[in-house]
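Let's walk through a protein model together, one step at a time.

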Amino acid sequence: MKLSRLAFFDGTSPVSDTNLRTLPESMLLIRYGKTAFTKGGVRGEFDFREEDADCVIREFASRGRDLVIDFEHQSLGGGKAPAAGWIGALYKNTEGLCAKIKYWTREAEKYLLNGEYRYFSPTLYFSRSGKNVSAIHSVALTNHPAMHMIPALAADDLDSAEDDANRKPQHIHNNLMKVAMVKESRCKL
């Protein structure tokens, strides 16, 4: 997994962890298996399978355009919704559905590198039965994702030894999402 690295050091002051955050060029959007979330105060979970990832990838390819990363799900509101970045490709790996970031905007880079935004949150479409993820509407930078137990999107290179012991390096971008339970048939499974 490639990372973009920015370090700010003036040669005189000690390096702090806020100066060594990295931005992902790709990230795991949805892990295979059971995914727990809390939406509107109600806990739930859904099961994400490889077949679901195939469906989401097909739907994404049929659009013929990049997928927006916005701020706080603003693209759902119908008003102004400036992009934080763009996803140029979706693909699978052994862990789940992944996104390749085409680019981050300067504003998003600033927020992520300063630790002002730490998480992301895809808005999902589900099949008519509500059991299977069939598409992704958008992804948002947020500080309140519905998914449980997720690490930060912009990784700190100077995390504590305890954090390192509890996290494998390849899972730094293993962030999951807020789930919008929109029942819409996008793919026959």
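**A hairpin to begin with**

Strands E4 and E5 make a hairpin with two residues between them, and in its turn glycine 40 has a positive phi of about 60 degrees. Helices (H or I, at least four residues) and strands (E, at least two) are DSSP runs, numbered from the N terminus. E4, which covers residues 33-39, pairs with E5 in the antiparallel sense over seven bridges; strands count as paired if DSSP finds at least two bridges between them. Look for lysine 39, which stands opposite valine 42 in E5.

Before going further, a word on what you are looking at. This is a predicted model, in which local features need pLDDT of at least 70 and side-chain atom pairs count only at pLDDT 80 or more, while totals for chains, interfaces and linings use all residues. Residues are numbered from 1 along each chain as its sequence is written, and side-chain values use heavy atoms, with hydrogens and water left out.

Now step back to the whole chain. It has three helices and 12 strands. Of its 189 residues, 45% count as buried, where buried means under 20% relative accessible area, exposed over 50% and partly exposed in between (1.4 Å probe, protein chains only). The average pLDDT, the predictor's confidence in each residue from 0 to 100, is 77 for the chain, and 70% of the residues score at least 70. Be careful with residues 1-16, where pLDDT stays under 50, and with residues 157-189, where pLDDT also stays under 50.

Next, find the aromatic rings. The structure holds six aromatic pairs. Rings of Phe, Tyr and Trp (its six-membered ring) pair if their centres lie within 6.5 Å; planes under 30 degrees apart count as stacked, over 60 as edge-to-face and the rest as tilted. The ring centres of phenylalanine 46 and phenylalanine 126 are 5.4 Å apart and their planes stand at 85 degrees, so this pair is edge-to-face. Because phenylalanine 46 lies in strand E5 (residues 42-48) and phenylalanine 126 in strand E9 (residues 119-126), the pair ties together parts that are 80 residues apart in sequence. Both phenylalanine 46 and phenylalanine 126 are buried. Ring pairs also link Phe37 with Phe46 and Phe126 in a cluster.

What about the nonpolar interior? A nonpolar core is a set of buried Ala, Val, Leu, Ile, Met, Phe, Trp, Tyr and Cys residues joined through side-chain atoms within 4.5 Å. The largest one has 36 residues, and those with the most contacts inside it are Met27, Leu29, Ile69, Trp104 and Leu141. Contact means heavy atoms within 4.5 Å. Leaving aside neighbours within four places in sequence, tryptophan 104 is in contact with residues including Met27, Ile69, Leu112 and Leu141.

Helix H2 (residues 106-113) has Ala108, Tyr111, Leu112 and Leu113 buried. The buried residues of H2 pack against strands E2 (21-24), E6 (67-71), E7 (83-92), E8 (96-104) and E10. Just after H2, glycine 115 takes a positive phi of about 75 degrees.
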